[in-house]
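Please look over the structure before reading on.

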Amino acid sequence: MTALDDVHARLAADAREVLRANWVGRYTVPSRRLYPHQWSWDSAFIALGVRHLDPARAEQELESLLSAQWADGRIPHIVFDPAIAPEAYFPGPAFWRSADIVGSPDVATTGLVQPPIHAWAAWETFRADPDRSRARAFLVRMYPKLVAWHAYLTRCRDAGGRGLVSLVHPWESGMDNSPAWDEVLRRVQPLPVTELSRHDLTGAGAAQERPTDVDYGRYIRLAADYRDQGYRDLPGRGAFTVEDPLTNALLAVSELALAGIATEAGAEAGPHRMRAQQLARALVEVLFDPQARTFFPRDLHTGALVRVYSVAGLAPLVVPGLPVAGDLVKTALGERFGLGTVHLVPSADLTAPTFEASRYWRGPAWYNTAWLLWRGLLEHGELDTAEALRRSMLVTAGRSGFREYVDPLTGRGAGATQFSWSAALVLDLLTDPHPRAWQR
Ligand code: 2M8
């Protein structure tokens, strides 16, 4: 064993320990203190790592999330654990009142969604141990639920009428306080701070690393409005209605995964491949800016692109055959993201006045978006750049532990410690450094 093997073996052992400590019997909490329930896209990233340790547990992670699916097909962004005190997370079940909605599950949930990476995670989980997974009919059970999930997004969320999914709340993007949302959020009147019970601000330095009270006032206002309209989508647009490149790119890849899942489940793969192509085409036609060499979100109130760079604009690199992949790689390597010269990849433009190295999604580098970029680079044959990014993730995790995010300039860890998806994705990088591309 070389010294590096040794370091990696220790890192993998530490990652396994985080995932063990955060497992609560049916699912994994993102963080014991800050996020003590089940989160939608967290569980998908967690399954991508846990499949290497215990594929049955990765299946259970996803199945437990999908058992809270609504009758309309949506997968809620948080599934509340009834065993956890209601005041442990704000806004909790009493705010969302999901039980009032016909077609909501027995367990309390939010009514928002998160980026649709679930079919991709289910497919990779299956591939970790196909024989055992087939014996449990995992994909046969998952297939109709995942179809219903994508159908909800396609049927109820195409507010722009161009074949793309739109989001109704910044929390749906997974990148809550991204600078890309600043301009759109300005039309939302924030609730006063006296109406917010923020539990996320306890702990040293937390206020400097989390969204501001004004942001939170707007998040709660938007969520309350959506709740008060019974979580109904079309027709009509709430104050925040945007098409997001990361969400739509993950949906395209998940449709490809669904093609594989369909074949396993005895259904037709063709329609899913076609839908993946339609999404990829619409992404480029509607959200790509050739001058800026990146994707931008679109504000459906103005119909215009929001020309604010963020890592979400690079995420479509995960889509196989993307015709503008070369442009995205150039942007990633350029001064705005500094790929190869910084730790991981920053969530927001390093050169913008809004850049903040330690404040949540306004600059810090996150393991999930770096992992997506890594997969995208591999997909498009950028092997050296991909490997450098993988190494940066491993070295940074080795130094700062499995923090929620890191300062991209110094590698200093911030946010929650023992963060589940950071551990899971590092484990994936260590166990599966040369993942199979879609074509193979
Ligand atoms: C963060 O979002 C939640 C709300 O969903 C929060 O701030 O309380 C985001 O980083 C999101 O992407 C993530 O899924 C969630 C749990 O890790 O935390």
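Where does A137 lie? A137 sits in the loop between α6 (130-135) and α7 (138-156). The model is predicted.

## Residues with positive phi

Most residues other than glycine have a negative phi. A137 is not a glycine, yet its phi is positive, at about 55°. Its relative accessible area is 27%, so A137 counts as partly exposed.

R97 also has a positive phi, about 50°, and R97 is not a glycine. R97 is placed in the loop between α4 and α5 (118-128). With a relative accessible area of 40%, R97 is partly exposed.

## A cis peptide bond

Most peptide bonds are trans. The bond joining F90 and P91 is cis, with omega about 0°. P91 belongs to the loop between β2 (78-79) and α4 (93-96).

## The sheet

Three strands form an open sheet in the order β3-β4-β7. The pairing is antiparallel. Which strands stand at the edges? They are β3 (166-167) and β7 (298-299). Each has a single partner strand, so one side of each is left without a neighbour in the sheet.

Strands of a sheet pair through backbone hydrogen bonds. Here β3 pairs with β4 (residues 242-243) over 2 bridges, in the antiparallel sense. L167 stands opposite V242 in β4.

## Cavities

Rolling a probe the size of a water molecule over the atoms shows where empty space is left. How many cavities of 30 Å³ or more does the model hold? The count is 3.

The largest cavity has a volume of about 210 Å³. Its lining has 19 residues. Nearest the centre of the largest cavity lie Y35, W39, Q114, D176 and Y360. By class, the lining of the largest cavity has 12 nonpolar, 3 polar and 4 charged residues.

The second largest cavity holds about 50 Å³ of space. Its lining includes S173, M175, S178, A180 and W181. D244, P245, P297, S310 and A312 are also among the lining residues of the second largest cavity. This lining divides into 6 nonpolar, 3 polar and 1 charged residues.

Terms used:
Residues are numbered from 1 along each chain as its sequence is written. This is a predicted model: local features need pLDDT of at least 70, side-chain atom pairs count only at pLDDT 80 or more; totals for chains, interfaces and linings use all residues. Side-chain values use heavy atoms; hydrogens and water are left out. Helices (H or I, at least four residues) and strands (E, at least two) are DSSP runs, numbered from the N terminus. Buried means under 20% relative accessible area, exposed over 50%, partly exposed in between (1.4 Å probe, protein chains only). Two strands pair if DSSP finds at least two bridges between them. On a 1 Å grid over the protein atoms alone, a cavity is a set of points where a 1.4 Å probe fits but cannot get out, and a pocket is an open set with protein on both sides within 12 Å along at least five of seven lines; lining residues have an atom within 4 Å of a point. Grid points are joined across faces, edges and corners, and a volume is the space filled by probe spheres set on the points. Ala, Val, Leu, Ile, Met, Phe, Trp, Tyr, Cys and Pro count as nonpolar, Asp, Glu, Lys and Arg as charged, and the others, Gly among them, as polar.
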